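Please keep the sequence and the structure in view while reading.

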Amino acid sequence: MTVLKVTRDGPVVVLTIDDPKTKNALSPALTKELVAACAEINADMTVGCAILTAAGDVFCAGGNIKDMYARANHFAGNAAEIRRTYQNGVQTIARALYDLEVPIIAAVNGAAMGAGMDFATMCTIRIASETAKFAESFIKLGLTSAAGGAWFLNRAIGTSAAAEMALTGDTIDAARALEIGLVSRVVPADALLDEAKALAARITRHPPHSIRLNTRLLRESARLDLGASLEIAAAMQAVVQQTDDQYEAVAAAVQKRKPGYKGK
């Protein structure tokens, strides 16, 4: 039984976490399926954008507290074994989402707790329903964020707000998430997926290679100094300027017509 539903809407892939018995919690199955989906998206040049959301009224409950209590899955073994479990398990999600070549929109439909919040911060763009709530709640269970939240959250909302969330474990609502820049918009719950798809459509109307290289340039520039970022930008610009689609974009603008991109 899969816990991640993968559907296609034109150039947009929708990834829906669907594991109601655990409130969409982190699991080995979710890890494996999400990483595999990212690899498939990267290999398919007809994909221009992805959306990560969840079924039901919870986005992701984070770690499975029953596993914690039973010392199972991510909580089994000695310290050395647990370290390797994280490196080869949940941390592969952080790497897969970071290395995703297309932008991915987190459409947060409900509670995003612990690792669930971290997964949202790993996405390129985040929008939330009015019923969404967020917590970097690891400290309340005596844990740290092993999924990657310490890296992504600092970059998403800044060091002070990230420290406040991580060190208090407090839950914030969608309005507060918007205020601190954790999400870029808040929408009615029944319009969330439509809004995410509309945003994806505004992205995927552009040339596929340009979408992918702009996505990578934004992510790499967040961790590079100015000189290194400029060097990468020049190299990427040289690549896209040699594509047929870039010439088609210019031709369409000059001729005042709709462009027809072919991913070349």
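Contact here means heavy atoms within 4.5 Å, and the coordinates to which this applies are those of a predicted model. With that cut-off, the packing of helix α10 (residues 208-221) with helix α11 (residues 226-240) can be described residue by residue.

**The α10 and α11 pair**

- Because angles over 145 degrees count as roughly antiparallel, α10 and α11 are roughly antiparallel to each other.
- On the α10 side the contact is formed by H209, S210, L213, R216, L217, E220 and S221, which meet S229, I232, A233, M236, V239 and V240 in α11.
- Sorted by class, the residues in this contact of α10 with α11 are 7 nonpolar, 4 polar and 2 charged.

**Secondary structure and overall dimensions**

- The protein chain contains 12 helices and 10 strands.
- Its C-alpha trace spans about 65 × 40 × 40 Å along the principal axes.
- The radius of gyration of the protein chain is 19 Å, which agrees with the value near 18 Å that a compact globule of 264 residues would have.

**Burial, surface and contacts in sequence**

- Of the 264 residues in the protein chain, 46% are buried.
- The protein chain exposes about 13,400 Å², and carbon and sulfur atoms supply 56% of that area.
- When contacts between residues at least 6 apart in sequence are considered, 69% of them join residues at least 24 apart.

How values were computed. Residues numbered from 1 in each chain as written. Predicted model: local features only at pLDDT ≥ 70, side-chain atom pairs only at ≥ 80, totals over all residues. Heavy atoms only, no water. Axes fitted to C-alpha atoms, helices over the stretch in contact; angles between N-to-C directions. Helix = DSSP H or I, 4+ residues; strand = E, 2+ residues; numbered from the N terminus. Parallel < 35°, antiparallel > 145°, perpendicular 65-115°, else oblique. Nonpolar A, V, L, I, M, F, W, Y, C, P; charged D, E, K, R; others polar. Rg over C-alpha atoms; globule rule 2.2 N^0.38 Å. Buried < 20%, exposed > 50% of the residue type's maximum accessible area, 1.4 Å probe, protein only. Areas by Shrake-Rupley, 256 points an atom, 1.4 Å probe, with all protein chains shown as cover.
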